[in-house]
Amino acid sequence: MKYSFTIKEKAIGKQRPRYSVKTHRMYTPTKTSNFEEKIKWAFKSKYNIETELSIKPFKAKIIAIFEPAKSISKKKREELLYGEYTKKPDADNIAKIILDSLNGLAYKDDNQVIELTVYKKYGVENLIIVELEEI
């Protein structure tokens with residue numbers, strides 16, 4: 001089985017769980033949980049899967065494309081386009097939020113992903129391309 005879908009959002013990294021002093025419980029920050037819901041929605045809107053989840057290993061490829069800031073000059077913007085993006089968020093945190101979001105949708109658990117490639121680069125718009133392939 002092979003899945004490929006896009007998310008038309010700026011990639012964010014997975015944030016650490018937080019502790020609430022009021023309730024004495026751990027919780028996921030709102031920014032992270034909202035982004036995870038967008039990933040789930042993007043997957044579900046393309047693949048309406050109601051079958052049993054695969055337990056085979058997967059390989060994943062994630063391409064996070066970041067739009068250069070609008071405040072920079074046209075010349076600098078042209079230089080940046082399609083080049084490497086070396087700022088935050090970290091590639092491993094981008095992968096973590098995407099793979100965790102797909103638990104129970106594309107596979108039973110993200111520990112089935114045995115091969116992972118993450119690219120961060122500049123482009124004309126913020127976009128995330130996710131490709132999953134069963135091995």
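Rings of Phe, Tyr and Trp (its six-membered ring) count as a pair if their centres lie within 6.5 Å; planes under 30 degrees apart are stacked, over 60 edge-to-face, and the rest tilted. By this rule the structure has seven aromatic pairs. The model is predicted, so local features need pLDDT of at least 70 and side-chain atom pairs pLDDT 80 or more, while totals for chains, interfaces and linings use all residues. Residues are numbered from 1 along each chain as its sequence is written, and side-chain values use heavy atoms, without hydrogens and water.

Two of the pairs are listed here.

| Pair | Type | Centre to centre | Angle between planes |
|---|---|---|---|
| Y3 and Y47 | edge-to-face | 5.0 Å | 80 degrees |
| F66 and Y85 | stacked | 3.9 Å | 10 degrees |

Y3 in strand β1 and Y47 in the loop between α1 and β4 are 44 residues apart. F66 in strand β4 and Y85 in the loop between α2 (74-80) and α3 are 19 residues apart. Helices (H or I, at least four residues) and strands (E, at least two) are DSSP runs, numbered from the N terminus. Y3 and Y47 are buried, as are F66 and Y85; buried means under 20% relative accessible area with a 1.4 Å probe, protein chains only. One aromatic cluster is formed by Y3, F5, F43 and Y47.

Beyond its neighbours within four places in sequence, L102 is in contact (heavy atoms within 4.5 Å) with F5, I39, F43, Y107, V130 and L132.

Key:
Buried means under 20% relative accessible area, exposed over 50%, partly exposed in between (1.4 Å probe, protein chains only).
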